[in-house]
Structure formats: C-alpha cells, structure tokens
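The following note is written for a colleague who is new to this structure. Its numbered points are meant to be read beside the model.

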Amino acid sequence: MNTIPEHNAGHSILQTIRNYGVDTIFGIPGTHNLEFYRHIKPLGIKPVTTRHEQGAGYAAIGWSLQKGMPGVVITTSGPGLLNALSAVGTAYCESVPMIVLSPGVARGDEFADNGALHETKDSTGAAGAIALWSRRVQSASEAVEAVHEAFSLFATGRPRPVHIEVPLDVLEAETDCAEDALAVRLVDDLLSPDADQLSRAVEALNAAECPVIVSGGGSVFAAAELRDLAEKLGAPVLATINGKSVLPESHPLSVGSELRLPAAHELINNADVLLLVGTKMGVEEFWGGEIAPQGTVIRIDRVASQADKNIASDIALIADTKVVLHALNTSITRSPSGETGWLGKAEMQNLHTQLHKDALEISPTLMDLAEQISSVIPSEAIVAGDSSQITYLAMTSTTRLEHPRSFLYTAAYATLGFGLPAAIGAKVGAPRRPVVCVVGDGALMFAIQEMITAAEQGLDLTLVCVDNGGYGEIRQNELDRDIQPVGVDLHQPDWPILARGMGFTAQQVGTRDDVAPMIQGAIAAGGLQFVHIPLASIPR
C-alpha cells in the first residue's frame with residue numbers, strides 16, 4: 001500500500017518549475033525518481049522518455065533553444081545522473097539554461113559505502129565539477145529556493161546548467177512549503193549600462209567609418225534591436241555559431257557564421273569599431289586564426305567576467321543586451337548608409353565570394369555536398385548538426401537561416417551524439433517548424449537509440465546521415481602525424497534497414513544528383529525520414 005504523501009517534495013519542486021512555464025521534461029523513470037514522475041501528468045507536464053540520459057540532456061538543450069526556457073532533465077540516482085553529465089558539460093560551454101533533478105541517498109547515508117542501489121561516492125560533487133552549481137538540499141523548501149535561484153540566474157546572468165539533488169527521504173516526505181512559496185518570482189528590473197561607458201560607446205559608433213558587429217548567443221533575445229542598430233550603423237554582421245541568424249541571413253548586412261575563415265578575420269581586424277554582442281569570442285570558432293582588432297572594441301554582456309574574455313574591451317557595457325541595444329539605438333544619430341552599409345554592394349559581394357573560396361579550400365567535397373543539402377532546406381527550418389565534418393566544415397557556411405537559435409551545434413564542447421536528440425527536443429519545442437538533422441555516421445552511432453525516441457514521439461523529422469565510413473577527421477589526424485590509421489575505419493550497418501527498423505522511411509543516395517531532390521522530397525513528405533549518403537559513391 002502506498003504511504004507516500006500526495007503533496008511531497010517532488011510535487012513542490014515540479015509545481016514550482018511548472019509555474020515558470022516549463023511544460024516538458026526529458027529523462028528516464030527509475031527506481032529512485034518515481035516521486036518526481038508521480039506528479040508529471042497531474043501537473044500537465046509532457047514527459048519525453050529518451051533511451052539514454054545523455055540523449056535526454058541534449059534533447060532538453062534543443063527544446064530550451066526553441067522555448068527560451070531552461071530544459072529540465074530528471075535522472076535517477078548514480079548512473080542516471082552521471083550519464084547526463086556530457087549534456088550538462090555541453091550546456092555549460094554553450095551557455096544554455098538547464099535544470100537537472102536527481103534523487104540521492106537518504107540523509108545520514110552519505111558516503112556509507114554499503115553497497116546500496118546506484119551507490120555513488122559523491123554525485124553532487126561530480127555534477128558540481130561540470131555544472132555551474134550542484135546542491136544537495138535538506139528539505140523541500142530548500143529545493144524550491146534552488147529552483148527560484150536558478151530561474152533568476154537564467155534571467156539576469158550567464159545561463160548555465162544547475163543540478164539539484166534531493167535525498168530520497170526528503171523527496172518522499174510531506175512538503176514543508178506553503179503554496180505561495182511555489183509562485184513565480186518576478187526578476188528585478190534588468191541591469192542598465194553605466195552612463196559614462198554608454199556615452200563613450202555612442203560617441204565611438206557615431207564616428208565609426210567601418211564598424212563591424214559580431215552577434216553571439218547572448219544576442220538571441222534582442223534580434224530586433226540588433227537589426228535596427230546594424231542598419232543604423234551600416235555595419236556588416238558576423239555571427240558566432242550560437243548567434244547564427246540573429247540577423248536573418250537573407251539580410252544584406254549579414255555575413256553569416258564564418259568566424260573560422262580568413263576573410264572574416266581580416267574584416268574583424270580592420271574594423272575601426274568592433275562591437276561584440278553577447279559573445280565570449282571562443283577561441284575554437286577562429287580555428288587558430290590571427291584575431292587582433294586594430295580599432296576600438298566595445299563589448300556588450302550581462303556579466304563583467306566577459307569584458308576582456310579572449311579579446312580585451314576598450315568600452316564595456318555590462319547590462320542586459322536588449323536594454324543596451326535599445327539605449328544605443330535611441331542615442332546614435334547617424335543615418336543609414338545604404339542596404340549593404342559602408343562596404344557597399346560590390347564589396348559585400350566580394351566578401352561573400354572570398355568566404356566561399358576560403359571554405360572550399362578547406363573541404364571542396366563536403367562544401368559541394370552541403371550546398372546540395374542546404375539548397376532544399378527551408379529558410380524557416382531548424383537544422384541540427386554534430387561534431388561531424390559535414391557540420392563544421394560545410395553546413396555552418398552553406399545553411400542560411402532566418403531565425404535565431406535555428407542552427408543546433410556545439411562549437412565549443414564539440415561532442416558526438418548531440419545532433420539527433422537535440423533535433424528531437426527542438427521539434428517537441430517547435431512542432432510547426434521543419435527540423436532537419438545532418439550528421440556523420442560516427443556521430444549518429446553515439447545516439448542511434450534515440451531514433452526510436454523520435455518514432456515514439458510521432459515526430460516529423462528528416463535525418464540525413466553522411467557516411468564516410470567511420471571517424472574521418474581522426475583518420476586524417478592520424479595520417480598527418482604519420483600514424484597508420486587505427487581504430488577509425490568502422491564496420492557499417494545496413495543503414496536503410498536499420499532506419500526502417502526504427503520506424504523511419506529510408507532512402508539511400510546513389511549519385512550526387514540524387515542528393516537535393518531526395519532530401520527535398522523527404523522534407524515535403526513529412527513523418528520520420530532517413531536519407532543515407534555514402535560519400536564513397538558520390539564523388540564530386
């Protein structure tokens with residue numbers, strides 16, 4: 001007979017999260033987390049059960065990027081939590097809000113080493129080494145306070161994942177929270193920039209002859225303001241991967257997410273004013289290029305620790321991005337200088353041409369293939385990638401999108417197995433938008449089990465597998481070091497048969513000319529579609 005109180009700590013925690021608007025959780029039910037799962041349906045929360053906790057975390061990231069709220073993951077104790085930590089590391093590196101809830105051993109049993117189920121030396125410590133913070137709470141009210149603190153952080157600071165561990169005896173006990181303690185807490189007024197720094201920034205931008213803007217992940221909620229400022233300044237806009245399409249990539253001032261290419265480095269270095277909006281200017285995105293801005297560097301960021309991250313600022317506007325951009329737009333007096341700004345139409349076209357040449361020099365075969373794929377992806381689509389060569393060598397350059405948070409890729413953490421579950425989470429979060437996932441065979445094998453999750457959720461999703469026979473990049477790395485390839489040429493399944501077994505309609509490309517029409521047809525057909533592209537059979 002069940003003696004667990006109906007309004008236990010699990011209920012209070014999930015009710016608080018639901019009050020903030022989160023209506024979907026990702027995870028896997030387990031022996032120790034059932035007092036979370038008890039309350040999911042009564043609270044009107046949709047559960048998405050993945051086939052691995054790592055996939056739950058990546059799906060939560062995809063969902064979060066569409067909804068603008070933290071992705072919530074429920075794991076069981078011990079191995080369930082540890083399985084999710086790669087996704088926690090991804091969210092930390094890519095500044096994505098996430099709440100991970102897990103049960104823990106009962107109070108008094110910490111470090112008992114008595115062979116209990118899922119016993120782990122220090123789960124909270126393990127998670128805390130990866131997440132922004134990890135708390136082992138001692139009561140329902142402490143857990144609820146941690147949830148409120150997390151939402152405040154996500155609204156005002158650099159969003160990163162947090163972990164809340166609830167001891168089993170606390171999770172199952174009668175809550176000590178009053179109903180009003182679970183209510184949403186409004187965030188105080190958003191921080192405004194220092195007046196002197198703002199005045200200096202306005203002066204510099206008004207006087208700039210060749211300003212350049214870089215949009216980062218911190219600009220995604222200020223897309224309209226960034227567009228207005230770019231048009232006022234006539235400034236070309238480069239994007240980080242996380243800031244891709246904050247300015248629609250059809251816009252005449254959009255340069256795209258091309259920070260890895262030499263022509264982009266030259267543009268940045270030659271700007272007389274460089275405006276960095278919500279970006280750490282991560283070193284990995286520049287692929288070792290020489291980044292040495294000659295002009296005034298203005299940085300906009302929520303947190304002061306970013307003011308000199310990787311590139312020192314001359315003027316730092318530490319405040320909410322939307323607030324700062326609005327203030328700049330209000331104060332700047334210059335008139336727009338044509339639809340392509342100070343570069344002019346011919347020079348902007350030359351810049352795009354040079355960027356394309358730069359990308360082709362790195363990987364002509366994959367660029368050609370990516371152009372075929374991207375040519376039939378709708379501009380309003382969400383595109384998910386992985387740490388696959390087809391993604392970082394080509395799709396970042398060829399995919400032109402219109403909305404922020406539409407290109408799902410982990411530029412810094414660069415993990416395999418991200419693309420498919422992230423696409424699933426994105427489709428759950430934005431069911432009316434087309435979602436296309438393009439990954440390599442090695443990456444897909446890291447998350448192959450999530451194909452059945454997509455089927456179970458009844459999604460419309462097109463999955464494209466670019467098959468180079470294993471770990472192509474590492475194979476080349478070995479050759480570059482005069483190492484005879486080892487451990488990288490992998491046995492392949494019969495991909496179409498595997499996909500059909502998972503509930504997909506599957507096709508295999510025979511020639512280069514098949515690529516675009518086959519993918520276009522798959523997207524149009526809807527449902528679960530799988531397109532296998534064996535690179536060996538489609539030479540350029």
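1. Helices (H or I, at least four residues) and strands (E, at least two) are DSSP runs, numbered from the N terminus. Axes are lines fitted to C-alpha atoms, for helices over the stretch in contact, and angles run from 0 to 180 degrees between N-to-C directions. The model is a predicted one, in which local features need pLDDT of at least 70 and side-chain atom pairs count only at pLDDT 80 or more, while totals for chains, interfaces and linings use all residues. Residues are numbered from 1 along each chain as its sequence is written, and side-chain values use heavy atoms, with hydrogens and water left out.

2. Two strands pair if DSSP finds at least two bridges between them. Strand β15 (residues 435–440) and strand β16 (residues 461–467) are joined in the parallel sense over 5 bridges, and the bridge partner of Cys-437 in β16 is Leu-463.

3. Another open sheet of 6 strands, with parallel pairing, has the order β2-β1-β3-β4-β6-β5. Its edges are β2 (46–49) and β5 (133–136); each has a single partner strand, so one side of each is left without a neighbour in the sheet. On average, neighbouring strands of this sheet are turned by 25 degrees against each other, direction ignored.

4. Strand β4 (residues 98–104) is mostly covered, with 7 of its 7 residues buried. Buried means under 20% relative accessible area, exposed over 50%, and partly exposed in between (1.4 Å probe, protein chains only). In a regular strand the side chains alternate between the two faces of the sheet. On one side of β4 the buried residues are Met-98, Val-100, Ser-102 and Gly-104, and on the other they are Ile-99, Leu-101 and Pro-103.

5. Which strands pair with β4? Strand β3 (residues 71–74) is joined to β4 by 4 bridges and runs parallel to it, with Val-72 opposite Ile-99. β4 is also joined to β6, in parallel, by 7 bridges; there, Leu-101 has Ile-164 as its bridge partner. β3, helix α4 (residues 79–94) and β4 form a right-handed β-α-β unit; a crossover is right-handed if, with the strands pointing away from the viewer, the path from the first strand over the helix to the second runs clockwise.

6. β5 and β6 pair in the parallel sense over 4 bridges, and Trp-133 stands opposite Val-162 in β6. Helix α6 (residues 140–156) packs on the sheet and touches β4, β5 and β6, its direction making about 165 degrees with that of β5. Contact means heavy atoms within 4.5 Å. Helix α1 (residues 9–19) lies across β3, β4 and β6 and runs at about 175 degrees to β4.

7. Is Pro-161 buried or exposed? Pro-161, found in strand β6 (residues 161–167), counts as buried because its relative accessibility is 0%. Not counting residues up to four places away in sequence, Pro-161 touches Val-88, Ala-91, Tyr-92, Val-96, Met-98, Ala-131, Leu-132 and Trp-133.

8. Glu-149 lies in helix α6 and is partly exposed, with a relative accessible area of 36%. Its contacts, not counting residues up to four places away in sequence, are Trp-133 and Arg-135.

9. In helix α10 (residues 262–270), the buried residues are Ala-263, Ala-264, His-265, Leu-267, Ile-268 and Asn-269. Their cover includes β7 (211–215), β8 (237–239), β9 (254–256), β10 (273–277) and α12 (344–362).

10. α10 and α12 pack at an angle of about 135 degrees, with their axes 8 Å apart. The two helices are therefore oblique to each other; angles under 35 degrees count as roughly parallel, over 145 as roughly antiparallel, 65 to 115 as roughly perpendicular and the rest as oblique. Pro-262, Ala-263, Ala-264 and Leu-267 of α10 meet Leu-351, Gln-354, Leu-355 and Asp-358 of α12.
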